[in-house]
Amino acid sequence: MVSCFGLNSALSVTVMYLLLLTAVDAAEQVTTCDLNSRQVHHMNCGQGVIKVEKALYGRSAAKVCAEGTSQKMLSNTQCARPDTLDKVKMSCDGKQSCELFLEDFRKPDPCAGTSKYLQTEFVCMPAVIVVACEMSLAHLYCGFDHVIQVYGADYGRRDENVCAYKRQPQRTKNKECLHPTDIVAKRCNGKSSCSISASNRVFGDPCPGTYKYLEVAYTCTYPVQSHISLS
């Protein structure tokens with residue numbers, strides 16, 4: 001006999017999963033021309049969190065970011081920094097908004113003498129967002145017949161008002177403490193529930209003297225079924 005609690009939990013998680021499936025927006029594309037100054041590439045989800053699908057730093061088309069640029073600097077359309085997608089996903093997946101400085105992609109230069117740009121494609125995924133203050137536990141839960149899939153996690157501080165209760169102002173004023181991490185995904189993906197400590201012991205200390213918090217964005221999915229051949 002299935003208990004009312006178990007049935008209600010399974011039903012609520014299933015409803016949430018169906019809502020997640022139907023609420024994904026179409027992919028958005030953002031392009032920022034690299035003009036050899038402090039250019040900032042910005043991605044934003046009004047609702048949900050960023051899931052990066054494609055990313056290019058270099059040049060794949062002659063007509064993109066071409067105004068005022070010589071043909072010689074536009075002719076190489078096979079220019080791409082190979083680690084761009086991994087770098088962008090690590091920084092931006094699971095966040096509602098994300099800013100990237102193009103100067104962080106310039107070295108090593110993938111194609112000297114070519115005018116470059118950063119171009120990303122991303123979708124906004126509905127997600128459960130959990131925040132755990134330093135020295136507390138983050139609890140991720142999906143319940144019956146569903147498992148956790150982490151979009152992204154960051155241990156640090158991006159907002160002086162989060163986890164600031166009864167904290168000294170000098171310990172919460174640093175909003176540039178960014179430390180994206182895949183530790184939560186490695187520990188929690190594929191489980192129906194998971195707890196992880198928001199602590200320097202687990203994640204290291206990205207900004208000594210700052211009171212930090214762990215922010216995790218995740219969804220609940222059906223587990224991948226393995227098919228075993230009996231023949």
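Predicted model: local features only at pLDDT ≥ 70, side-chain atom pairs only at ≥ 80, totals over all residues.
Residues are numbered from 1 along each chain as its sequence is written, and side-chain values use heavy atoms, with hydrogens and water left out. Local features need pLDDT of at least 70 and side-chain atom pairs count only at pLDDT 80 or more, while totals for chains, interfaces and linings use all residues.

Rings of Phe, Tyr and Trp (its six-membered ring) were paired if their centres lie within 6.5 Å, with planes under 30 degrees apart counted as stacked, over 60 as edge-to-face and the rest as tilted. Tyrosine 57 and phenylalanine 105 form a tilted pair, because their ring centres are 5.9 Å apart and their planes stand at 35°. The two partners are 48 residues apart, tyrosine 57 in strand β3 (residues 49–59) and phenylalanine 105 in the loop between β5 (97–101) and β6 (117–125); strands are DSSP runs of E with at least two residues, helices runs of H or I with at least four, numbered from the N terminus. Tyrosine 57 is buried at a relative accessible area of 1%, and phenylalanine 105 is buried at 2% (buried means under 20%, exposed over 50%, partly exposed in between; 1.4 Å probe, protein chains only).

The rings of tyrosine 155 and phenylalanine 203 have centres 5.1 Å apart and planes at 25°, so this pair is stacked. Tyrosine 155 belongs to strand β9 (residues 147–156) and phenylalanine 203 to helix α4 (residues 200–203), so the pair ties together parts 48 residues apart in sequence. Both tyrosine 155 and phenylalanine 203 are buried.

Charges over rings (NZ of Lys or CZ of Arg within 6 Å of the ring centre and within 35 degrees of the ring normal) complete the picture. Lysine 87 lies over the face of phenylalanine 105, 5.5 Å from the ring centre, and arginine 167 over that of tyrosine 211, at 3.8 Å.
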